[in-house]
Amino acid sequence: MLTENPDYTVVAVGLCKIYQMGSSEIEVLRDVSFSVKKGSFVALCGPSGSGKTTLLNLISGIDKPTGGQIEVLGQNVNELDEDLLAEFRCNELGFVFQSYNLVSTLTVAENVAFPMEWRRRPEEEITKRVTELLEMVGLGQRANHFPAQLSGGEQQRVAFARALANDPRLFLADEPTGNLDTKNGEKITEILQILKSMGKTVIVSTHDAEIVRLADQKICLEDGKLVSQNE
Amino acid sequence: MSSAYFPINDLLRRKLQTSLVVVTLTVVVSSTLSLLLFSERLGFGITAHVEILTYGLSTVLGQFVLFLAFLIFTIGAVITSFIVFLMMKQRTRDFGLMKAVGCPNGLVFGYFMTELLIVTVLGCVLGVVLGFVADFAASNVLQFSIYQKSPNYWFAPLVFFSFFALSLAFGAKPLLDAARLPPLKALSPMQYFSLGHANKFKPLSKSGLVLRISSRSLFRRGSATIRIIVLLSIVFVLLTVALSGGIIAEDTTKLWVAKAVGVDNVLLAHNIMCDQYILLLSKFFGENGNSNFDYSDERFALPDEVFQGLKTLTGIEGVDPRLVLTENVQELSSYMIDPETLATIPVGDNRISDVIVVGVDPDKIVTESVTKGQFLNTSSDWNAVIGDTVMDAMYAPDLSKKIRVSDPLLQSIKIRDNPFKIIGVCVDPTNNGNVTYVPLKKLQNVTGILNTNIALIKLDSSIDRAETLKTLETFVENSYPDFSVFDLNEVLEKDIMFLGSTWSIVMLLPLLTLISASLCLVGFMMLTADEQRQEFAILRAVGAKPNTIIAVLTIQSTTVLLSSFAAGISLGIITTLMILVPNPVVTVGTIAEVAVLLLAALFGLLLLSLYPAVKLAKTPILRIIT
């Protein structure tokens, strides 16, 4: 255990990530250490290529660090096998990517429902929760549409609804407003505000000043190094 | 960038896709070439020239091979079109990308056309080489003389250019389509995955998530899904015909031969005559006969005392004395009345041929030929039963000689100016079916040869066969040293082995097609996996286990395979039973054997098709996303 304190959701010590590109090595993260308190809203800042997405990938267990340790919700995610990691992500994490978020063959409602189906929740409960979440993101009328029939902003809101389906303890979002216009960006910010008010632990990588303003904690990266960590 | 450098490097970079196309083409070309070489070696063509088997058996096999050749070529063409289409369709995106960055249309087209030419030439050349290697191996493994003929090399350019042209035509189409597209459209997944344009259907809305994703993805790629189902259906028709048809036809034809030669029969004849009779039976598997043999040589006459002596021996069930002669016989024409016009129609002509005529005593026959019509049952009538090859040579309609109607069962055969009414046509391996049976007494009357020159002896199967055979040999050796006894089971085994090996090769060739179809299925599943790549990454990032990905692709593969299996097997069974084999011998064992083999093929295909799924499931999420 990196810390015995249950108040911390994420604790990272000396994280390193090196990608092998042919014969050359690219060091994306260099000795990054930080911790995130339970219920805090964290903005992950830094220019493009600074390592924000890589850090989110390490937190979610999508990628493994080359060095250092990371503990998420008391679990050392490096030590979990693929099946346990999948269960962990399904039950404890909500993740929104910058793009390519939805399964195109499923309707909006089905996209929101499938993480709950994996947990084998009763059908009535799933239906109720899907309606609730779609109302929350303002897409109640679009439940039976396919992703291709939605705008980019709407798709991103569906992705938020899906990420919240299993009521995760940790919510991660990778530049959620990066591909959106101002109006849709505002809607996403509103949803993030709701999450904050719900007391969720949220880590968002962003360039958006509005989102940064919501943050309790700001982690800044530059060239893979942690340059500042303000609470 | 040199114009040759890019295509070669691009092909080398996409090792799996390139090798999949090259291997598929190689297998398709080689299986088609092997079948053609083998058919030609055995003389199965539009005009069957009987040097082996009999006319009837050649017809059954020839018809079978022709049907298989048709299916193999059709599948080859469909597979070639499909795999080349898949390969080039997937390049639509690259085409768009290169055009978008300013590469001239003609140059991009040239790059991909060069790639297409390289894989096509490579696949076709390797296929031709492998085809000859397979043919060489088959002819060396099977030691029958008929297989030792040199192959017809003209088939090589024929097969090469057929498949080369097919590949170019089908491969160039998606490239030409891509060349006409603006870069933006070429970059759309709608183009390079051949997706449907809208998700209007929601099949299996109430089913589980995995089933829902699988079915909708299949629906969305309707065009490619239908193509692969059609392709696999034809493959399963081919497999069913080759396996069930092959096994049933093999069993049936083997039974015909076994009955005609007779199981547990022994030949007794003068040493020279004995060799000649064995040669007559061995012509079935390609041995050359002696056409100038004098059957009427008095030395060959079996003494009456032999038959008296045989009666004293135990373990003998029957003795069938025969007079075997070679005769120049003549077809006798006949007439029939047209039931509608009541006009008289001439039937047949007066064709002449040399055939082996066998005089038999209908009461003592120890063999049983499969006969259309009936076999000889009395010695008193001037009846004859002709072999199927005689029927083909002398009693078939021949428009070049203006013989429009011919039916042996309405006609007669003239032997030394004596007409014998034909009452049956039999399948008999003796002299490749160029044989005619008549009552022994009538033959003796017309030829003046009053003795017999061979005897077929049926041994009692309930008594120790080896012991009886030894007693018989001792009896003949001691009393008639110029005569010998020969166990006909030896030649029967060779006849049946030849028939078996021929059927085996015929049945083996569709396996090559199965291999290429498997590769095609793998190609289709790779396209399927590739198309859903991003979505699988999302599913896994959100919490799907790697097995979920395998499950989705397994359902898609199983759906495709089972649809094809159902359609292919039904059509295959109908074709086999209705068209290919008359009076088939079908046992429970045969059905079980065919069922096991077909299910094994299905299972094998399913396992192979899962390779892209397993590979994708093992790929880290990050690598899938990027």
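**The nonpolar core and the interface**

In this predicted model, the largest nonpolar core comprises 203 residues, and Ile59(A), Val72(A), Ile203(A) and Leu267(B) have the most contacts inside it. The element that gives the most to this core is helix H16 of chain B (residues 488–531), with 21 residues. In soluble globular proteins, nonpolar side chains tend to be buried together.

Leaving aside residues up to four places away in sequence, Val72(A) touches Thr9(A), Val10(A), Ile59(A), Val77(A), Phe88(A), Leu93(A) and Leu170(A).

Turning to the interface, 27 residues of chain A are in contact with 25 residues of chain B. The two chains, A and B, bury about 2500 Å² between them, with 62% of this on carbon and sulfur atoms. On the side of chain A, the residues that lose the most area to chain B are Thr105(A), Trp118(A) and Phe146(A), together 23% of what that side buries.

Charged and polar groups also take part. Five salt bridges are found across the interface of chain A and chain B; in a salt bridge, the side chains of Glu110(A) and Arg216(B) meet at 2.5 Å, N to O. Nine residue pairs are in polar contact between chain A and chain B, counting pairs with both residues at pLDDT 80 or more. Helix H2 (82–92) and helix H3 (108–118) of chain A are the elements that give two or more residues to the side touching chain B. H2(A) provides the largest share of that side, six residues. By class, this side of chain A has 13 nonpolar, six polar and eight charged residues.

How values were computed. Residues are numbered from 1 along each chain as its sequence is written. Chains are lettered from A and ligands numbered from 1 in the order in which they are written. This is a predicted model: local features need pLDDT of at least 70, side-chain atom pairs count only at pLDDT 80 or more; totals for chains, interfaces and linings use all residues. Side-chain values use heavy atoms; hydrogens and water are left out. A nonpolar core is a set of buried Ala, Val, Leu, Ile, Met, Phe, Trp, Tyr and Cys residues joined through side-chain atoms within 4.5 Å. Buried means under 20% relative accessible area, exposed over 50%, partly exposed in between (1.4 Å probe, protein chains only). Helices (H or I, at least four residues) and strands (E, at least two) are DSSP runs, numbered from the N terminus. Contact means heavy atoms within 4.5 Å. Buried area is the accessible area (1.4 Å probe) that two parts lose on being put together, summed over both. A salt bridge is a side-chain nitrogen of Lys or Arg within 4 Å of a carboxyl oxygen of Asp or Glu. A polar contact is a pair of N or O atoms within 3.5 Å; within protein, one must be able to donate a hydrogen and the other to accept it, and residues adjacent in sequence count only if both atoms are side-chain atoms. Ala, Val, Leu, Ile, Met, Phe, Trp, Tyr, Cys and Pro count as nonpolar, Asp, Glu, Lys and Arg as charged, and the others, Gly among them, as polar.
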